Amino acid sequence: MDTGEFRSDPARPGGVSRRALVRGAAGVVLAGVASSLLSACGGTTGQGAPTAAASGGGTPASGSTGSGGTSTTAGQGNPVSGGTIVLGYDEPPTMDPRVSGATIAWRLFYNLFDQLVVLGANGGDFLPGLATKWEAAPDGKSYQFTLRTGVKFHDGTDFNADAVKYTFDSIMDPALKSLTAIGYLGPYQSTDVVDPSTARVNFTAAYAPFLANLSHSVLSPVSPTAAKKYGVNGFGQNPVGTGPFMFKEWQQKISMTLVKNPDYNWPTGVYQHKGPAYLDQITLKFIVDPTVRMGSLTSGEATIIDGVLPQDVKQLKTDARYQVMLPSVPGSPQVLPMNAAKPPTDDLKVRQAIIYAIDMNTVVNTLWFGSRKTAKGPLSSPTWSYDPKVETMYPYDANKAAQLLDEAGWKKGSSGVREKNGQQLEIVYITTNDIQGKAGELVQSYLTDAGMKVNLQELEYAATAADYLAGKHNIARIYFSHVDPVVLTTLYHSRNIQGTNFNRTMLPRPDLDKMLDDATAEMDRTKRQQDYVAIQEYIMNNAEVIPLWEETVFWGASAKVKGIHFQPLGGIWFYDVWLQP
Amino acid sequence: MWRYIERRVLVTIPVLIGVSLLAFSIIHLIPGDPARVLLGDMGGGSAAGDMSQQAYLNLRHQLGLDKPLVVQYADYVVNAVQGNLGHSYQTNRSVSSLILTAAPYTIELTVAGLGFAILLGFVLGVIASLYRNTWVDSLAMLFSLIGLAMPSFWLGFILIEIFAFGLGWFPATGSNGIKTLILPAATLGFIAAGTVTRLVRSTMLEVLQQEYVVTARSKGLRERTVVVRHALRNALIPVVTIVGLQFGSLLAGAVIIETVFARQGLGRLIVDAVLSRDYPVIQGTIFVAAVIYVFVNLFVDLSYAWLDPRIKYE
């Protein structure tokens, strides 16, 4: 019998010896540990994609001793074939360009798919892509394209006019549920196959933005054979295009692999060499957490990442092992539309005062550490037809704001809030609960100084969308990128107040509608540019929106990545990229 | 026994119907239109270009959103019983494939968390009962109280701060490999262990008073045999019930833990689906979670018969 060393409890005569206790506990512990391990092994402990180290192209920068400066300008040496890039990235919802509405996906599509025409580096000219010649009818209702011969899709089938027709017709099919491409086809009517290398696209009305839209990856031709084979739900996981890289595999939530298309022999006008791409493979790793993604770049696990944190940009720029690139995205900048159908923002003077009252440069620099540019108008500065005049229209001027509000009858009350006819100047500002919410807090402080009572609501996205449709806001937010100023129709035309509700100014403006419609149909490029200059000035004269900042992409890469140049929306053309050994 | 099982399985059918109806109603009561989310610039990426009013209505029609709610629900049920849970609005992938990919990660996390909870709960509970009213007991009860009271995300962050960023023993995020499982499972497990500890302690105390324990001791059995083979086994029944119920709250806790530790799983799946109003994914995930929960409880009930020969099912 055990010596009962422990007799604290009279109700327990025997007591438990320390030895017995330890043995008992050890038994339980072992059993528990064994069951935990078994359960962990039995379940799917995920398969991380093997870290593909660059082969032939040298290892990522962290192993280097930092000797020798690196420069990304000309004179980088001769391109070397081979190697794998590991790209830390967001997971795209779908890889079907006809369906996708996600900018991050569009930037990938540019590498898997070619477009009929491409935009030149200056953003203004159109260069040949899969089409070598094109001609628009003078009435703008049809475009005829001469197609390149000898082009094949990744599945070996031929690229021809039938493929172009199939692609556009399928985009218009409601069963596909196209989100973006369908809007970029405008008043599409049909495509005629004149002969295997000639296609004519017909519209019900003159459509000037078509060439610019064609340079967007969502209108890239897809393989009809593959699209029919995989169906509307399947092609998004099995994309087949004509581009310099081919889709290989996709491990949901973990990684995606793209490999070189060895038969690629039709570089578009924006490409800088001939033949297949230099890189053998691009491995995308889906890293959700931004800190972990940054860490993957500095640890060498990733060669390139999208999403360098703004506060880390400066430090990374001074580190010779890395390069930071911040290409701008054209289209609309981030803007805050003001509801012109709801008091007090129904008064032009109040809207103008609001813009004058905010020191937007300080707001933008606070949020973005100097990495993003303050927006001044309804278009971003890299967009074709951008009007520099908007930059001087609304400088930060608190006195001017005060003067306008006084003129509008809003006098400062005893509490500091302006009043008119016994009512306070109250602004309902509804925005999303991310960085926009932070921007809202900064804007709110300036408006409060100006004597306004700002009711700031930071909500989740779907809730904001519901509120905007109902017109509950005085200040909302919106952002759309695009290569063409036709994006202004999306955001400022009256027909978009209901339905999609992309026009959150909520007030029909027939004269602006006419200007927008005329510009969409204006086939003369010089005149069209003038039209959009007038539109930008109209929008700002009417203080329809508060411009915030221009969007940029935060690319970070190892300094050994060479040959980087950018797509129209800020993505990287991987065709010309090579890895320095 | 088999008739009992049959009856129980039959009862689950109205339960699951009720769950799916409730989920459907709640989802549609929340403001927000999935088509609008699809078209919009959520998450920083822009979407629809100049989509016409007609195309927008077509999209809603394709998603079945313009039908009366009753019809939408009926369509859903008819498809579901044939095994078709629909397709995600966001990615077009089939809901069943999304769930099948995500479920193993959540199950692995929940089981590991449960294992941790049982391990910790039993050890602490037994020790506390054996050393009742001493400092050992108080310490065990303190741990239990912390587990009960602490929000799971707070504990998760603390563990990350200490063991991942501080000591560097484990990664802070990820779903691949055992190393990424330890901290999340420990977080979940510690919380659940709070309840288990208390219950083990109180049932052990009760059981240790019983006559058969005195008999066993007077027979000269070693204390360890008395505690483990006789006392503990009888203490198991109420604890097994609680453990079964805890499984449900562990599943729910996975939602938060998967977000904190950036892990894949049903929790992340449903959170993203709710934010983007991806109705088919929300419905499917709730339904699957309900099925898992119902069958775990059935299994728990059946295990009583194994544990206690006095219990028979007819």
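Q: Hi! Where in chain A is A:Asp289 found?
A: Hello! A:Asp289 lies in the loop between strand S10 (281–286) and helix H7 (290–299) of chain A. Keep in mind that this is a predicted model.

Q: Thanks. And how exposed is A:Asp289?
A: A:Asp289 is partly exposed, because 14 other C-beta atoms lie within 10 Å, and a residue needs 20 or more to count as buried.

Q: Which residues is A:Asp289 in contact with, leaving aside its neighbours within four places in sequence?
A: Those are B:Thr173 and B:Ala262.

Q: Let's switch to chain B. How many helices and strands are there?
A: Chain B has twelve helices and zero strands. By contrast, chain A comes to 16 helices and 22 strands.

Q: And the overall dimensions of chain B, what are they?
A: The C-alpha trace of chain B spans about 85 × 55 × 30 Å along its principal axes. Of its 314 residues, 46% count as buried.

Q: What's the figure for buried residues in chain A?
A: There, 49% of the 581 residues count as buried.

Q: Back to the helices of chain B. What does H8 span between its end C-alpha atoms?
A: Helix H8 (residues 178–208) of chain B spans only 38 Å, whereas a straight helix of 31 residues would span 45 Å at 1.5 Å a residue.

Q: Interesting! Where does H8(B) bend?
A: At B:Ala193, by about 35°.

Q: Is H8(B) mostly covered or mostly exposed?
A: Mostly covered: 24 of the 31 residues in H8(B) are buried.

Q: One more pair. At what angle do H10 and H12 of chain B pack?
A: Helix H10 (residues 223–260) and helix H12 (residues 279–307) of chain B pack at an angle of about 170°, and their axes are 10 Å apart. That angle makes H10(B) roughly antiparallel to H12(B), because angles over 145 degrees count as such.

Q: Which residues meet there?
A: On the H10(B) side they include B:Leu236, B:Val240, B:Gly244 and B:Phe247, and on the H12(B) side B:Ile292, B:Tyr293, B:Val296 and B:Val300 are among them.

Q: How do the residues of that contact divide into nonpolar, polar and charged?
A: The contact of H10(B) with H12(B) has twelve nonpolar residues, five polar and no charged.

Conventions: Residues numbered from 1 in each chain as written. Chains lettered and ligands numbered in written order. Predicted model: local features only at pLDDT ≥ 70, side-chain atom pairs only at ≥ 80, totals over all residues. Helix = DSSP H or I, 4+ residues; strand = E, 2+ residues; numbered from the N terminus. Expected span 1.5 Å × (residues − 1). Bend = angle between axes of the 7 residues up to and from the residue. Buried ≥ 20, exposed ≤ 12 C-beta atoms within 10 Å, placed from the backbone. Axes fitted to C-alpha atoms, helices over the stretch in contact; angles between N-to-C directions. Parallel < 35°, antiparallel > 145°, perpendicular 65-115°, else oblique. Contact = placed C-beta atoms within 7 Å. Nonpolar A, V, L, I, M, F, W, Y, C, P; charged D, E, K, R; others polar.
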